[in-house]
Amino acid sequence: MISTLLVANRGEIACRIFRTCRALGIATVAVYSDADADALHVREADTAVRLPGAAPADTYLRGDLVVRAALAAGADAVHPGYGFLSENAGFARAVQDAGLVWVGPPVKAIELMASKTRAKELMAAAGVPLLAPVDPRKATAEDLPLLLKAAAGGGGRGMRIVRELADLPAELTAAAAEATAAFGDGEVFAEPYVERGRHVEVQVMADEHGGVWALGTRDCSLQRRHQKVIEEAPAPGLDDALRTRLHDAAVAAAHAVGYRGAGTVEFLLAADGRPYFLEMNTRLQVEHPVTEAVFGLDLVALQLRIAEGEPLPTTAPPAPHGHAVEARLYAEDPARDWQPQTGALHTLDVPDEPGLRLDTGYTGGDTIGVHYDPMLAKVIAHAPTRTEAVRLLARALERARIHGPVTNRDLLVRSLRHPDFLAARPDTGFYDRHLHALTPAPDPAEPRLAALAAALADAAARQHGPGPGPARLGAWRNLSSQPRTKRYRAEPDGTEHEAAYRTTRTGPVPETGERVIAAGPDRVTLEADGVTRHFDIAVHRDKAYVDTATGSYAFTALPRFTDPTDRTEPGSLLAPMPGTVVRVADGLTTGAPVAAGQPLIWLEAMKMEHRILAPASGTLAALHAAPGLQVEVGALLAVVQDVQEEPKQ
């Protein structure tokens, strides 16, 4: 019987496993890097053991240190979560060799499925339909587009779409480098890329007594950078025959490798409805909560039960009910090539209502660092129908209060309300087609009102001091008739707004004609065009966060006059985020010619590589980046001098 469990992971999944352990009376042990010393999963565990260092390769990927931590803390079992060492057969073997219970599948099953190439060979022998592999060294234009994938990968790491044959060598190099950094294995393979395919998977749960459950389907087609963004269960639009075929194939795959525990068999559905086996993930999936909601199960509790040698409770799984949808909330900017965002997370508050669930590794006051995945939380909605679940989730995200780094919250809301998604027509090319429409420039009217509310709240705070509750309008002194102004820059688009109002004996009067109904340091009510709106304001240093019923806005307060020293040399390439320079373009030296849009520098941050492109054609005037260099946001990496036309003689 398991009495003390170490979770060999961090963040949201560690917190989620601890939640089940508390319900079952199991003591918990966390491991943490130096960067995670004050992380939520450390605070929630009964005991915690430090893994010295910050980078994953020095901490969460060091199986020897994790096993040593489990023994030192008196744990008798290890749960790997997902990512990191969760599908590492060597780690699973080391856990068992140390006399600890491994909460996962048999080592042999992990070995058989760990390599995507070997897994496909096994499935082919079992008669499961597959996409024919392509040797990238012999690929021709007729094989395009190709999808490059890390053989030991998962979570989108090491994946690249290649549409031009000339790009293949560079993309192979990049995919191998990313796979090595994420998994310690640079093997990459290629297969045809299916345009507008659907990503559908089957959750399986198997015990050591021959019992296997197929727990329905999930659709995970909405992806960015080959990582899932929105998932749902059951997968919509599948007929009974196709569902049965997918369930049978998943169960056959589990039996073929003598599986035990939680696993997921993933399929790609082509536009014509034909399924192709992609891979089997020998671990718990990020999106497992939607299956839990639909089947009324705790999959982690089942994992622990099976690891203790118990059979599945019944020969058949419980009947599903309703529909569940999950959205992954990331600290990233979708409008700027999905750039990860870092910094202080002042507030993370999602409505707590029936049908909603929040899985997170952060709370307000935490800091989003540069070393790990930028996912802040998963928000899950469950309702009797798909329409109700989607609507509930979209509204919950819209009403959430998230103050700090830029997130993908607005993108999630718009995605859930997009006609293609509402009509249950998801596919893996959704964001390729719709990203521009899903990240529009804001309507200037709404942020202008929000900026005005921020200015009035600031004035109220100065008048009465900080504190809850609206100001009594009669308390405003009748000062000079000259309008008072306050300037703000909206984040992240940089649009500037100027709020102007006059102070009168009865209260502030905006220059733009709105009526101020109430104005306090943290809440302002305005009437504009006959509609009354409430604005909740929170201030953190020079940032003002304004939450409304239909959206949120972040502003930076600007000085009245621009600082003349605030200048950047034209052509400067600045680091868009903190990170590590992993490489520079071949032959890139000072004086070298560069072309507009040419990748010059590769920066690794939050487990992903980001390319720094030449802003214009010209000459490299300065290069300050070198592989291994750690840089802060805004650091000068290089300077490109524009090519100027020679004057005609």
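Predicted model: local features only at pLDDT ≥ 70, side-chain atom pairs only at ≥ 80, totals over all residues.

Student: Where do tyrosine 60 and phenylalanine 84 lie?
Tutor: Tyrosine 60 is in the loop between β3 and α3, while phenylalanine 84 is in the loop between β4 and α4, so the pair ties together parts 24 residues apart in sequence.

Student: Are those two buried or exposed?
Tutor: Both tyrosine 60 and phenylalanine 84 are buried. Ring pairs also link Tyr60, Phe84 and Tyr372 into a cluster.

Student: And what about tyrosine 488 and phenylalanine 555, how are their rings placed?
Tutor: Their centres are 5.7 Å apart and the planes are at 55°, so that pair is tilted. Tyrosine 488 sits in strand β23 and phenylalanine 555 in strand β30, so the pair ties together parts 67 residues apart in sequence. Both tyrosine 488 and phenylalanine 555 are buried.

Student: Switching to helices: at what angle do α1 and α10 pack?
Tutor: The angle is about 65°, and the axes of α1 and α10 are 9 Å apart. The two helices are therefore roughly perpendicular to each other, and α1 passes α10 in a right-handed crossing.

Student: Which residues meet there?
Tutor: From α1, Arg16, Ile17, Thr20, Cys21 and Leu24 meet Leu299, Val300, Ala301 and Leu304 of α10. By class, this contact of α1 with α10 has 7 nonpolar, 1 polar and 1 charged residues.

Definitions and conventions. Residues numbered from 1 in each chain as written. Heavy atoms only, no water. Axes fitted to C-alpha atoms, helices over the stretch in contact; angles between N-to-C directions. Helix = DSSP H or I, 4+ residues; strand = E, 2+ residues; numbered from the N terminus. Parallel < 35°, antiparallel > 145°, perpendicular 65-115°, else oblique. Left-handed = near helix turned anticlockwise from the far one by under 90°. Contact = heavy atoms within 4.5 Å. Nonpolar A, V, L, I, M, F, W, Y, C, P; charged D, E, K, R; others polar. Buried < 20%, exposed > 50% of the residue type's maximum accessible area, 1.4 Å probe, protein only. Phe/Tyr/Trp six-rings, centres within 6.5 Å; stacked < 30°, edge-to-face > 60°.
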